[in-house]
Amino acid sequence: MSLLYADVLLQMHSVGICGSDVHYWQHGRIGDFVVRKPMVLGHEAAGVVVKTGSAVKHLKIGDRVAIEPGVPRDMDEFFKNGRYNLSPSIFFCATPPDNGNLCRYYKHNVLHNNYLVSVCQLTLLHNVLPDNVTFEEGALIEPLSVGIHACRRGGVTLGSTVFICGSGPIGLVCLLVAKAMGASKVIISDIVPERLSMAKELGADFQLQVKRENGPQQLAKSVEDLLGAQPHVTIECTGVESSVQTAIYATRSGGVVVLVGLGSEMATIPLINAAVREVDIRGVFRYCNTWPMAINMLASGKVNVKPLVTHRFPLEQAVQAFETTRQGVGIKVMLKCNQNDQNP
């Protein structure tokens, strides 16, 4: 395969399945992003460098790397001010019309600011994956980055109390990051008891099981009762309208609600309640500038994402793997792309 001067060819090893991958598979679109031609899925990935373009100096053949799937195409104002995730021209794996990396070999461009990084590196130099960080952990840097970006947007810091709505994969990484950033108490909610059990194992201080008959204000009161006070920060990871309402009601005056989950384009929310209590509502779109922190969290052992991987399939069983994710079985399904290496 021929490479441009800023390209890197990777032999893929581990690729996680995201809910967005399943949504494209089932529905062919997410909002304005419409699949109009065959598209390769996958954006949670790690692999091995097997070839580099002439301009790539910070990586070498044999380096094990995690792929940051978003690469700006233009040096626009968003790129220049460090919020490249908001660039309208960004390339992003498995978002139409851009192909993803669920394949045997994948070519990635690293022209802008070294967006492909060695999994253990903090300075974008010639570092390779340390022995205590697996390929699967490298692939999980992508969802972990969502948690980092969400906690940063919420201002989670030492002593913060945090409420997380939803204990799916993203809710769980938000939990891990919030605790690592110094949150003193974290309460997490979900409808599924098994996911709350996983949250407890990962360090959640309180678990709140949601029943469909529970109203938003009732749930908000339950959060306050369990914590002993309203939380400083609420991170909403479901996108469900009633859950967004709960998030606003539950958050203390002067606090922050971070919207991570994507639901309907239009939603009815208690906006005046938020306004008169000066509750800030902040959105999240993917992440930016998170890879170095995520790498350090994993390499240092401050964050353990290994329990999130509950199912593994070889690439040949991709349909079964996607079906497992669609059915909501387990937490994170991982596909193994290297026929000669099916290890984590």
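Colleague: What share of the contacts in the protein chain with a separation of 6 or more comes from residues 24 or more positions apart?

Modeller: Contact means heavy atoms within 4.5 Å. In this protein chain, residues 24 or more positions apart account for 68% of the contacts with a separation of 6 or more. Please note that this is a predicted model, in which local features need pLDDT of at least 70 and side-chain atom pairs count only at pLDDT 80 or more, while totals for chains, interfaces and linings use all residues. Residues are numbered from 1 along each chain as its sequence is written, and side-chain values use heavy atoms, with hydrogens and water left out.

Colleague: How many helices and strands does the protein chain have?

Modeller: Helices (H or I, at least four residues) and strands (E, at least two) are DSSP runs, numbered from the N terminus. The protein chain has eleven helices and 17 strands. Its radius of gyration, taken over C-alpha atoms, is 20 Å. The globule rule (2.2 Å times the number of residues to the power 0.38) gives close to that value for 344 residues, so the chain is as compact as a globular protein of that length.

Colleague: What percentage of the residues in the protein chain is buried?

Modeller: Relative accessible area decides this: buried means under 20%, exposed over 50%, and partly exposed in between, with a 1.4 Å probe and protein chains only. Here, buried residues make up 53% of the 344 residues.

Colleague: Which residues does the UniProt domain annotation cover?

Modeller: UniProt positions are given in the numbering used here, feature names are shortened, and annotations may be inferred rather than shown by experiment. The unreviewed entry carries "domain: Alcohol dehydrogenase-like C-terminal" for residues 169–299. That span is 44% helix and 17% strand, and its end C-alpha atoms lie 20 Å apart.

Colleague: Is H43 buried or exposed?

Modeller: H43 has 4% relative accessibility and therefore counts as buried. H43 is found in the loop between strand 3 (33–34) and strand 4 (44–52). Beyond residues up to four places away in sequence, H43 touches C18, S20, D21, P69, F92, C93, A94, N101 and E142.

Colleague: Why is helix 8 described as largely enclosed by the rest of the structure?

Modeller: An α-helix has 3.6 residues a turn, so residues three or four places apart point the same way. In helix 8 (residues 241–250), seven of the ten residues are buried, so the helix is largely enclosed by the rest of the structure. The buried residues are S243, V244, Q245, T246, A247, I248 and A250. They pack against several elements, including strand 10 (161–165), helix 7 (216–227) and helix 9 (271–276).

Colleague: Which residues is I269 in contact with, leaving aside its neighbours within four places in sequence?

Modeller: I269 is in contact with V244, Q245, I248 and I281. I269 is placed in the loop between strand 14 and helix 9, and is partly exposed at a relative accessible area of 31%.

Colleague: What can be said of the backbone at E278, R286 and P97?

Modeller: E278, a residue other than glycine, has a positive phi near 55 degrees; E278 counts as exposed at 61% relative accessibility. R286 is not a glycine either, yet has a positive phi of about 60 degrees; at 17% relative accessibility, R286 counts as buried. The peptide bond from P96 to P97 is cis, with omega near 10 degrees.
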